[in-house]
Amino acid sequence: MKKLKRLLANNTILGLIIAFIIICAIIILIVTKGMFGNTKVEIIDFSNLTQSEIVEWFNKEFGNKENLMFSREYSETIQKDKVISQSVMAGETITSEDKVQIVLSNGADPNLEISLPDFVTEKYTKNQIEKFFDENKFNDVTYEYEISELPKDTVIKINVSEKAKRNDVIMVTLSIGEDTKNIEITVPDFSTYSVANAKAWGNANSISMKISYVFSDTHAEGKIIYQSIKANEVIKGGSSISLQVSSGKGITVEDLSGKTFEYADKWSDDNGVYIKPVYVYDDNIKEDLIIKSDPKPGTIVEKNAVITIYISKGKDPDSVLVKVDNKVGVSEKDFLAYIKELNMKTSKVGSYYSDTIASGNIYSHTSGEVKISTTIEYTLSLGKYNLDAGNFEGKSKSSADSIIATANAQKAGISLNVTEEYSDTVSRGILYNCSVSGKTLSCKLSLGALATVENYINQNKQSNFSSNNVNYVVVIDNDYTEGTSYGDVYKQSVEPGTRVKNGTTVELYARKGQKPEEPKGFIDGNYDVYQTDPLSLSGTKTNVQNRLGMFNLEIYEEESAGKVAGAIISITVNGSSYDSGEYPLSSKVVVIISKGYAEQ
């Protein structure tokens, strides 16, 4: 060694080479260690493994199980203690720093409510009812026997109906029949039986086996540790025996209050139970410490039981009040700094005009005593609203209203005063001559140019119409006027050339025209043409109707001293005798026809 030191001391280059080699070796060692420390491992399918086998696999691959987490859920399809799901699928790779969540089955939900058939009415047998309860995973069913005239093993009664939960206590009463009431049966020593064998013995001998489970520090799980009727005693068919079965060594829930989650998690691992954390606010328990557990400390539970622990989140923010001072008028920057000092959050919710608060300063905000969890809402000032008349000149009324509504939604407080006037230069519906007084805008609103009434006298107009924004209504005289035509205008309600408002109605008075000539018909003075040959009353009436029906015709029948039936007695026109010729169709024609000779 001394020679090596002397050599190094006398040879600088050799020393540098050796130092370089040592440094490289250290770097390789560090890199190699880092690589192995982050080695990726391919996850396998855990569905066929038990919890202890999964833990063993993790310990083998990573040297620990720190990032392996288990939870439990009820499952109708996955057997108890089998894997329901894994957060990292088989074939994916992870490092020792990646967390893996395994969900294990707690078996079927014992609180699930199931509809039941009517076992008694449907005459279920013991085999049928046992099959129903087994398939639907009921876990507390007891069978007892009664002497009955019903066939053996027929259901007599049951203490539930219609619906039941899986964990309900269910008692089924079966018929033992009538012939087995005096059969004597020697009770065996059930301490050597399994639970299944004890039930089978009871079924074979028509004995009701009432089984309950208790924790035991001295007997293995599933071991029968007590029987209500001792071995070798003699009983009769239909009797019942109560058995107590060991649930194995129970686990006493430790008092976890005041402990951390890490402590409770280690305790659960050591005792084969699961921890379900629930985080709640508590004004008295420090944050992250356990408040209480459910079940309570001292309770004995079975392996794989779920213990709910309630962990403090510290004081409830809603119980802590903070006084927020009035900061209206200060800058937004100073306000935000003030709220930050109070450890509270802010939210800007709007901006408003103000005559007194400078633009960009606080207009309003949440103040007074509030919960610390409250978000402080605030608004900013936009300063004083500048009402400029020039911004409204030449705009429509609806546009001006929209501008003002938008400004007033931000508390501008302005108003629009409108005076309607006719204008030959400004289009209808447009604002002009606008001025401002304080917060009031005054404008004239153009109704457009006035309309001019046209001259329709001596023209013919037969229906209503409009022209140049004036409505003209034609009024026809009630009486005829000779020498005129229908619709000839002779007068107007407003003089031609008069300027009126748009939409003004002007009446045009027009003639009805001359009276039309009434149509005429011919009336023959020779009565014979209205009769038939041979004469008959009905035939004459038909002939008269055909010839004179276009007039105002009336036909009467009378007996006559000198006329046969069907002969015309008289014809008058407008109440008088007449000569052959044309008469207006409105003439009243009365015809009297003989009904026959009058009696003497």
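## Terms and basis of the model

A residue is called buried when its relative accessible area is under 20%, exposed when that area is over 50%, and partly exposed in between, using a 1.4 Å probe and protein chains only. By this definition Arg-511 is partly exposed, with a relative accessible area of 25%.

The model is predicted, so local features need pLDDT of at least 70 and side-chain atom pairs count only at pLDDT 80 or more, while totals for chains, interfaces and linings use all residues. Residues are numbered from 1 along each chain as its sequence is written, and side-chain values use heavy atoms, with hydrogens and water left out.

## Salt bridges

Side chains of opposite charge can pair when their charged atoms come close. The structure contains 13 salt bridges, a salt bridge being a side-chain nitrogen of Lys or Arg within 4 Å of a carboxyl oxygen of Asp or Glu.

Lys-397 forms a salt bridge with Asp-401, and their closest N and O atoms are 2.9 Å apart. Both residues belong to helix H8 (residues 397-409), where they are four residues apart, about one turn of the helix. Helices (H or I, at least four residues) and strands (E, at least two) are DSSP runs numbered from the N terminus. Lys-397 is partly exposed at 29% relative accessibility, and Asp-401 is partly exposed at 34%.

## Pairs between distant parts of the chain

Asp-424 and Arg-499 meet through their side chains in a salt bridge of 3.3 Å, N to O. This pair links distant parts of the chain, 75 residues apart: Asp-424 is in the loop between strand E26 (415-421) and strand E27 (431-437), and Arg-499 is in strand E33 (residues 499-500). Asp-424 counts as exposed because its relative accessibility is 57%, whereas Arg-499, at 42%, counts as partly exposed.

A salt bridge also joins the side chains of Arg-511 and Asp-477 (3.4 Å, N to O). Here too distant parts of the chain are linked, 34 residues apart: Arg-511 is in the loop between strand E34 (505-510) and strand E35 (520-523), and Asp-477 is in the loop between strand E31 (470-476) and strand E32 (489-492). Asp-477 is buried, since its relative accessible area is 18%.

## A negative patch on the surface

Glu-262, Asp-265, Glu-287 and Asp-288 gather in a surface patch of negative charge. Patches are made of residues with over 30% relative accessible area and no salt bridge; like charges are joined within 9 Å, and nonpolar side chains (Val, Leu, Ile, Met, Phe, Trp, Tyr) within 5 Å. Asp-288 lies in the loop between strand E17 (274-280) and strand E18 (290-294). With a relative accessible area of 46%, Asp-288 is partly exposed.

Key
Accessible areas come from the Shrake-Rupley method with a 1.4 Å probe; for residues, only the protein chains shown count as cover. Lys and Arg count as positive and Asp and Glu as negative; His and the chain ends are not counted. The place of a charge is taken as NZ of Lys, CZ of Arg, CG of Asp or CD of Glu.
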